Amino acid sequence: MDKFTNSAWFMRIVAFALAALLFISINFEMESDKKSLGLSTAPEISTETIENVPVEVYYDRENLVVSGVPETVDVTLKGAKSLLINAKNQRDFKVYVDLSDPAISMGDRTVTFKISELNEKLVATIDPEYAEVNVQERVTKEFSVEAEYNSSLLEEGYTAGQPTVSPKTVKITGAKDAIEQISYVKANLEISKGLNETVNSKATVKALDRDLNKLDVTIEPSSVAVSLNVNIPSKTVSIEPKQTGKAKDGIRITSISVDPKEVTLFGSETSLEKIDEINLPVNISKIDGDTELELDLNKPESVQKMSLGKAQVKIRTEKVDVDEENAEPVVEEEEPETEQKQEEQVVEEKPKPEEEEDEAAAIESKTFNNIQIVPVGIRDDQDAELESDVTNITLLGEAADLKKITKDDINLTVDVSNLDEGTHDVDLAVTVPEGVEWELDSKTVSVTITQKDEET
């Protein structure tokens, strides 16, 4: 036995056995490590659903229109987990519908979704698998655009004209049957409640069928410029001075005049119809002699605003005996007089004929020809043309005052800021030196408002 264990062959056998055991042990440990690290040679099969994958459609876009293809689909992938994770994160595959065949016919058809650029070791399922699509001839047609707005949002008393659009037409492209369904092409102007001024804004254009359903078409341009002229009705009425109070002893009011004689009121048409004049109370109880006052005009509650808030009042007086005060006339108001009163007035006036003649002689007139009329308030998008831009004016006053006045002291203007497109008769506004009265050949002038052409 000792002889065998000491032989060379025994040692070789033992060494071989130990080497085999060591090899088996190392391989066993390596396999265990691979499994623990997920590196098993047998891959783990799994599934993953990727939602909202965009769908591409291949077709002749110059001549055809395709509808009915959903924008996205859900894709379920099956395969090795590592490949699934990479596909989900990268999304480097495509889902598409192929309608690029030149011989494709028009109308409804069922098409299958396809997938490309996906790892060949993965299996894909698309939901939905099919789509019902419609193929139509591509048509482009020009339509006029109609602007619209919610008139109930205008401030009370204000009105608006017909909105203008630029450009006035658009080109609409779509399927032939969709183009044939177009009944209205509208641009809705968004305004806020309480609107009281002109609006210039952009509005999106929509194509609608007869039931006002929006159609799936392409519009060029997709938005247009809309201008809405907002104004308020106006009416020019006279300012009528009305005496209040009792004149002081020994003072008689001979005349009361107001400058200007008219005021323009702004408000709803129904409110303005009821107003023919504005009364201006003038308290004469503190008047000692000839006086000039600046008094506030009272705005009626139904009126939104007035062109002016104050007016100049001239009061002319004369001194009389206390016994004559009962004969004081009421200025600006004519009352029926009895024959007895008329006789009394004649008797009272007889002592002063020379004074009246002197006063009448002091009043003269002076006429200025071809005074320029200047339009004011013209908007940037409008032109204003006057039927006649000059007129004649006659001034009345004392000779010394009239002698100093030149054409440069006279201003005639016409306010066109609230006028719509068209022809209007507009009151002239007159500015002359203080202390003189004026007369015009005509108190109004014809003004034609036109819209400026769009610059290209």
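Student: Which residue does the side chain of Lys-310 meet in a salt bridge?

Tutor: This is a predicted model, in which local features need pLDDT of at least 70 and side-chain atom pairs count only at pLDDT 80 or more, while totals for chains, interfaces and linings use all residues. Residues are numbered from 1 along each chain as its sequence is written, and side-chain values use heavy atoms, with hydrogens and water left out. A salt bridge here is a side-chain nitrogen of Lys or Arg within 4 Å of a carboxyl oxygen of Asp or Glu. At 2.4 Å from N to O, the partner of Lys-310 is Asp-296.

Student: Where in the chain do Lys-310 and Asp-296 lie?

Tutor: Helices (H or I, at least four residues) and strands (E, at least two) are DSSP runs, numbered from the N terminus. The pair links distant parts of the chain, 14 residues apart. Lys-310 is in strand β24 (residues 310-319), and Asp-296 is in strand β22 (residues 291-296).

Student: Why does Lys-310 count as partly exposed?

Tutor: Buried means under 20% relative accessible area, exposed means over 50%, and partly exposed is in between, with a 1.4 Å probe and protein chains only. Lys-310 is partly exposed because its relative accessible area is 42%.

Student: Which residue forms a salt bridge with Glu-437?

Tutor: Glu-437 lies in strand β31 (residues 437-440) and its partner in the loop between β19 and β20 (262-266), so the pair ties together parts that are 176 residues apart in sequence. Glu-437 is partly exposed, with a relative accessible area of 33%. With the closest N and O atoms 2.9 Å apart, the partner of Glu-437 is Lys-261.

Student: Is Glu-117, which meets Lys-94 in a salt bridge, buried or exposed?

Tutor: The two side chains meet at 3.9 Å, N to O, with Lys-94 in strand β4 (residues 94-98) and Glu-117 in the loop between β6 (114-116) and β7 (123-127). Lys-94 is partly exposed, at a relative accessible area of 32%. Glu-117, with a relative accessible area of 53%, is exposed.

Student: How many salt bridges are there by this rule?

Tutor: Some residues are linked in a network of salt bridges, namely Glu-146, Glu-148 and Lys-186. By the rule already given, the count of salt bridges comes to 10.

Student: Which residues gather in a patch of negative charge on the surface?

Tutor: Patches are made of residues with over 30% relative accessible area and no salt bridge, where like charges are joined within 9 Å and nonpolar side chains (Val, Leu, Ile, Met, Phe, Trp, Tyr) within 5 Å. One member of the patch, Asp-259, lies in strand β19 (residues 251-259) and counts as partly exposed at 45% relative accessibility. The residues of the patch are Asp-259, Asp-290, Glu-292 and Glu-434.

Student: Which residues is Ser-446 in contact with, leaving aside its neighbours within four places in sequence?

Tutor: Ser-446 has its place in strand β32 (residues 444-451), and at 15% relative accessibility it counts as buried. Contact means heavy atoms within 4.5 Å. Leaving those neighbours aside, the residues in contact with Ser-446 are Glu-385, Leu-386, Glu-387, Thr-423, His-424 and Asp-425.

Methods
Areas by Shrake-Rupley, 256 points an atom, 1.4 Å probe, with all protein chains shown as cover. Lys, Arg positive; Asp, Glu negative; His and termini not counted. Charge placed at Lys NZ, Arg CZ, Asp CG, Glu CD.
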